[in-house]
Amino acid sequence: MTYDANNIFAKILRGEIPSHKIYEDEHTLAFMDVMPQVDGHCLVVPKVGSRNLLDAELSTLTPLMATVQRVARAAKAAFKADGVQIRQYNEPAAGQTVFHLNFHIMPMNEGQTMSPHAGKMADQGLLAKHAELIRMKL
């Protein structure tokens, strides 16, 4: 399957759709998930168009994983979480819905349950506040 340059994350990268940015460098972008399953749920994407992990180049994955680790540490600290769940989906059968390589980072506490990734967007002010909390821990 081919990469669709009009997916929502590609549009965020081009600045066509606003996002609550957490971190950006020449290779990656981290931003808040607009339908968070837990407080602090954010995403890390490469700036290079890759459909998912299966077609990504190693040169894309190396800086991407460094950013995933950096943002995961910051999110864990920002939300005083016991741990961090990191999710990554490849193809529809595995749950992928946006076909641009992405990692979900979710700070979690013992016994915490996640909300479904429903079609309801979170309050933009809350997302901005959460992004700032994570940025302060970077």
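A: What follows looks at helix H3 and then at the parts around it.

The model is predicted: local features need pLDDT of at least 70, side-chain atom pairs count only at pLDDT 80 or more, and totals for chains, interfaces and linings use all residues. Residues are numbered from 1 along each chain as its sequence is written, and side-chain values use heavy atoms, without hydrogens and water.

H3 spans residues 124-137, 14 residues in all. Helices (H or I, at least four residues) and strands (E, at least two) are DSSP runs, numbered from the N terminus. From first C-alpha to last, H3 reaches 20 Å, close to the 20 Å expected at 1.5 Å a residue. That expectation is 1.5 Å times one less than the number of residues.

The N-terminal end is capped by Asp 123. One of its side-chain oxygens lies 3.1 Å from the backbone nitrogen of Gly 125.

Which residues of H3 are buried? They are Leu 127, His 130, Ala 131 and Ile 134. Buried means under 20% relative accessible area, exposed over 50%, partly exposed in between (1.4 Å probe, protein chains only). These four cover an arc of only 100° around the axis, which puts them on the same side of H3. The arc is taken from the directions from the helix axis to the C-beta atoms. On the other side, Lys 129 and Met 136 are exposed.

The buried residues of H3 pack against strand E1 (21-24), strand E2 (28-32), strand E3 (42-46) and helix H2 (58-78). Contact here means heavy atoms within 4.5 Å.

Ile 134 is also among the residues with the most contacts inside the largest nonpolar core, which has 23 residues. Such a core is a set of buried Ala, Val, Leu, Ile, Met, Phe, Trp, Tyr and Cys residues joined through side-chain atoms within 4.5 Å. E1, E2, E3, H2, strand E5 (103-108) and H3 each give two or more residues to this core. H2 gives the most, with 8 residues.

Ile 22 is another of the residues with the most contacts in the core. Leaving aside neighbours within four places in sequence, Ile 22 is in contact with Ala 131, Ile 134 and Arg 135, among others. Its partners also include Met 32 and Cys 42. A second, separate core has 7 residues, including Ile 12, Leu 29, Phe 31 and Val 98.

How values were computed:
A polar contact is a pair of N or O atoms within 3.5 Å; within protein, one must be able to donate a hydrogen and the other to accept it, and residues adjacent in sequence count only if both atoms are side-chain atoms.
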